[in-house]
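Here are a few exercises on a two-chain model, each with a worked solution. Grab your viewer and try each one before reading on.

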2 protein chains.
Amino acid sequence: MELKDCNREVLNDLKFLKGLLAAAASEAGATVLGESFHQFNPHGVSGVVIIAESHLFIHTWPECGYAAVDIFTCGDSVQPEKAAKKLITELGAKSHSILEIQRGILDTA
Amino acid sequence: MELKDCNREVLNDLKFLKGLLAAAASEAGATVLGESFHQFNPHGVSGVVIIAESHLFIHTWPECGYAAVDIFTCGDSVQPEKAAKKLITELGAKSHSILEIQRGILDTA
């Protein structure tokens, strides 16, 4: 997910982003297993929440109002679109694009 | 990156995968900032290495010989293809596919 023209202040707020990713995972019905966040100097945050159903990642460039988000899920119990919607809203993204990729398409030989 | 027909034993070896992801990041010229790994029961590993230039992620399904890998980098100093090559080799992937996606294409208005 590409999030543009976001609220620049929240993009640099590690504490806010940590809570937001956990809340987005929860909203999607995912089970949070772990997390790791890093604040860059002078600005920018990278953070991941590992969920039982894979992961949510965010990298922010506050100076550009831009965030790259990956929502990687597996199974049928999670609703990634709910996490996406929460992130778009809470980051105040005025424009966004979503690319959906199917992973692990295996031959059933 | 989709890695198929891998060595199933190593796909379930958290310790090996932790070392491999760090080594792949290093091979690519990236700076490792943090990591988080999780072993699933009865099998499967999820793991991330956060680098100064973004992240490397792996999710494994040993029972299918399959691993999904994301190599997310920014800037010109990192060579993600070197990390990719190392992962393909060390996991013994007999077949693989790589999809490259440009992120953060911003208007320079």
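**Exercise 1.** Is B:Ala52 buried, partly exposed or exposed?

*Solution.* First, the ground rules: this is a predicted model, where local features need pLDDT of at least 70 and side-chain atom pairs count only at pLDDT 80 or more, while totals for chains, interfaces and linings use all residues. Residues are numbered from 1 along each chain as its sequence is written, chains are lettered from A and ligands numbered from 1 in the order in which they are written, and side-chain values use heavy atoms, with hydrogens and water left out.

Next, the scale: buried is under 20% relative accessible area, exposed is over 50%, and partly exposed is in between (1.4 Å probe, protein chains only). B:Ala52 comes out at 31%, so partly exposed it is.

**Exercise 2.** Place B:Ala52 in chain B and list what it touches.

*Solution.* Start with the strands (DSSP runs of E, at least two residues, numbered from the N terminus). B:Ala52 sits in the loop that links β3 (45–51) to β4 (54–61) of chain B. Now look for contacts, meaning heavy atoms within 4.5 Å. Leaving out residues up to four places away in sequence, B:Ala52 touches B:Thr31, B:Leu33 and, over in the other chain, A:Phe40.

**Exercise 3.** Work out how much area chain A and chain B bury between them, and who contributes.

*Solution.* Buried area is the accessible area (1.4 Å probe) that two parts lose on being put together, summed over both. Here that's about 2,400 Å², with carbon and sulfur atoms giving 66%. On the chain A side, A:Ile50, A:Arg103 and A:Leu106 lose the most, together 21% of what that side buries. As for head count, chain A puts in 30 residues and chain B 30 residues.

**Exercise 4.** How many salt bridges are there between chain A and chain B?

*Solution.* Look for a side-chain nitrogen of Lys or Arg within 4 Å of a carboxyl oxygen of Asp or Glu. The count is four. B:Arg103 makes a salt bridge with A:Asp70, the closest N and O atoms being 2.9 Å apart.

Note on methods. Helices (H or I, at least four residues) and strands (E, at least two) are DSSP runs, numbered from the N terminus.
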